[in-house]
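Reader: I would like to go through this model by question and answer. Please start with the overall figures and then turn to the details.

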Amino acid sequence: MKHLLLISLSVGAGHVRVAEAIEKTAKREYPNLRVTHIDLMDYISLPMKRAILDSYDLMIKRLPELWGYFYEKMNDPETSQKFHRVTTTLQRMNSRRLYEYIEETQPDHILCTHFLPADVIEEGRKRYGIDTPVSVVVTDYDVHGLWTSSHASHYFVATEKIQWKLIQRGIKPEQVTVSGIPIDPDIFSSKNENSLRQELHIPPEDRILLLLAGGQGSSKSDTVLKILCESKQPATIIAIAGKNKRLEKKLRATTVPSHIKLIVLGWTDHIHDYLRIADVIITKPGGATTTECIQLQKPIIAINPIPGQEEQNTTYILHKGFGVAAQSAEDLLYYISLSPEQLAPGYKRSNKKSAGSAAEVVLDTLVS
């Protein structure tokens with residue numbers, strides 16, 4: 001394989017981050033492999049782009065219960081196939097630029113970090129003569145029925161449970177690899193946490209609570225921050241708003257008591273540094289963020305999970321003992337009073353961090 005085309009979809013940040021992790025790993029470890037990463041959003045018609053973004057924004061941010069209902073209904077194999085048949089013509093009509101790009105660049109393999117690009121490519125095969133094999137990386141700790149409607153040649157999944165589910169849905173065992181979820185290779189490097197604290201002027205003895213809103217800043221972090229400020233324990237709270245400028249402004253306007261130090265950030269390319277120095281991470285349980293926390297063995301307090309995929313990620317966190325889920329303000333205040341060992345006993349049981357990179361497993365499989 002000489003040319004690998006990565007296709008992500010920028011609905012939420014996780015699908016893009018996983019593709020970026022694979023691209024970055026490939027450039028470091030596979031110098032003879034040309035890797036191109038594109039976002040499907042840049043290669044579909046404007047009406048279809050607006051329809052995807054607007055419907056996602058409406059359901060995730062304003063009507064999460066509707067998203068949960070849609071997630072459950074579409075997870076049934078028969079229903080997902082009906083949905084697939086209804087949308088095939090629409091996908092084909094609005095994706096000409098993507099088909100032309102693939103025809104022009106002639107990649108040896110296409111790897112998608114969302115089911116929709118794989119689905120779109122499948123619909124254009126006959127008309128555009130696309131015969132490039134397509135593989136899919138599942139970016140959460142569960143798999144949805146829509147991921148199996150694209151007839152991908154290979155699937156990369158986080159756990160053996162997901163592998164089993166895919167096989168039950170008719171995917172051949174040799175088409176599924178348990179790789180883990182690819183994350184930025186920088187997470188595997190060793191950095192001095194005391195030095196990172198010094199750069200932020202945080203004393204070594206201070207307890208750091210890291211509050212994450214997700215890449216799009218879609219969680220109610222301002223409300224969560226006010227709850228954290230009710231704690232009587234001294235702490236440094238680092239609140240990261242992602243790309244949500246409005247949320248960042250609200251976080252900065254929060255009045256904090258004298259025993260709490262507040263650091264507010266917007267989008268940052270140094271998220272791994274903040275993950276490293278945190279004692280506890282309070283976050284929406286996206287697949288990539290969850291994996292990064294697990295790799296660094298950081299206790300997770302899951303908040304405001306998106307119905308469906310993030311609820312399944314939360315279930316995985318709880319099952320493995322890597323953290324807890326806060327359902328109320330009282331829950332949150334209680335959990336931040338506990339030690340990291342009490343919050344995440346699963347790390348002590350596992351006794352070591354993961355030594356392998358999921359991105360390398362994916363690339364090794366594709367190259368070989």
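Author: The protein chain has an accessible surface of about 17500 Å², and carbon and sulfur atoms make up 50% of it. The model is a predicted one.

Reader: How many helices and strands does the protein chain have, and what percentage of its residues count as buried?

Author: The protein chain has 17 helices and 12 strands. Among contacts with a separation of 6 or more, 68% are between residues 24 or more positions apart. Of the 368 residues, the share that counts as buried is 56%.

Reader: Which residues is I238 in contact with, leaving aside its neighbours within four places in sequence?

Author: With the neighbours within four places left aside, its contacts are L200, I202, I208, L209, L210, L211, I263, L265, Y274 and I277.

Reader: At what angle do α5 and α6 cross, and are they roughly parallel or roughly perpendicular?

Author: Two packed helices are described by the angle and the distance between their axes. The axes of α5 (residues 96–105) and α6 come within 10 Å and cross at roughly 65°. In α5, R96, L98, Y99, I102 and E103 meet V120, I121, E123, G124 and Y128 of α6. Angles of 65 to 115 degrees count as roughly perpendicular, so α5 and α6 are roughly perpendicular to each other.

Reader: What is the handedness of the crossing of α9 and α10, and what is their relative direction?

Author: The axes of α9 (residues 221–228) and α10 (residues 245–252) come within 9 Å and cross at roughly 20°. S221, D222 and L225 in α9 meet L247, K250 and L251 in α10. The crossing is right-handed. Angles under 35 degrees count as roughly parallel, so α9 and α10 are roughly parallel to each other.

Reader: What is the phi of H201, and is H201 buried or exposed?

Author: Most residues other than glycine have a negative phi. H201 is not a glycine, yet its phi is positive, at about 60°. H201 lies in the loop between α8 (193–199) and β7 (208–212). Exposed means over 50% relative accessible area, so H201, at 65%, counts as exposed.

Reader: Where is Q297, and what does it count as in terms of accessibility?

Author: Q297 is in the loop between α12 (287–295) and β11 (300–302). Its phi is near 55°, a positive value in a residue other than glycine. Because its relative accessibility is 24%, Q297 counts as partly exposed.

Reader: Is T290 buried or exposed, and which residues does T290 touch?

Author: T290 is found in helix α12. Buried means under 20% relative accessible area, so T290, at 2%, counts as buried. Not counting residues up to four places away in sequence, T290 touches Y141, P285, I300, N313 and I317.

Conventions. Residues are numbered from 1 along each chain as its sequence is written. This is a predicted model: local features need pLDDT of at least 70, side-chain atom pairs count only at pLDDT 80 or more; totals for chains, interfaces and linings use all residues. Side-chain values use heavy atoms; hydrogens and water are left out. Contact means heavy atoms within 4.5 Å. Helices (H or I, at least four residues) and strands (E, at least two) are DSSP runs, numbered from the N terminus. Buried means under 20% relative accessible area, exposed over 50%, partly exposed in between (1.4 Å probe, protein chains only). Accessible areas come from the Shrake-Rupley method with a 1.4 Å probe; for residues, only the protein chains shown count as cover. Axes are lines fitted to C-alpha atoms, for helices over the stretch in contact, and angles run from 0 to 180 degrees between N-to-C directions. Angles under 35 degrees count as roughly parallel, over 145 as roughly antiparallel, 65 to 115 as roughly perpendicular and the rest as oblique. A crossing is left-handed if the near helix is turned anticlockwise from the far one by less than a right angle, and right-handed if clockwise.
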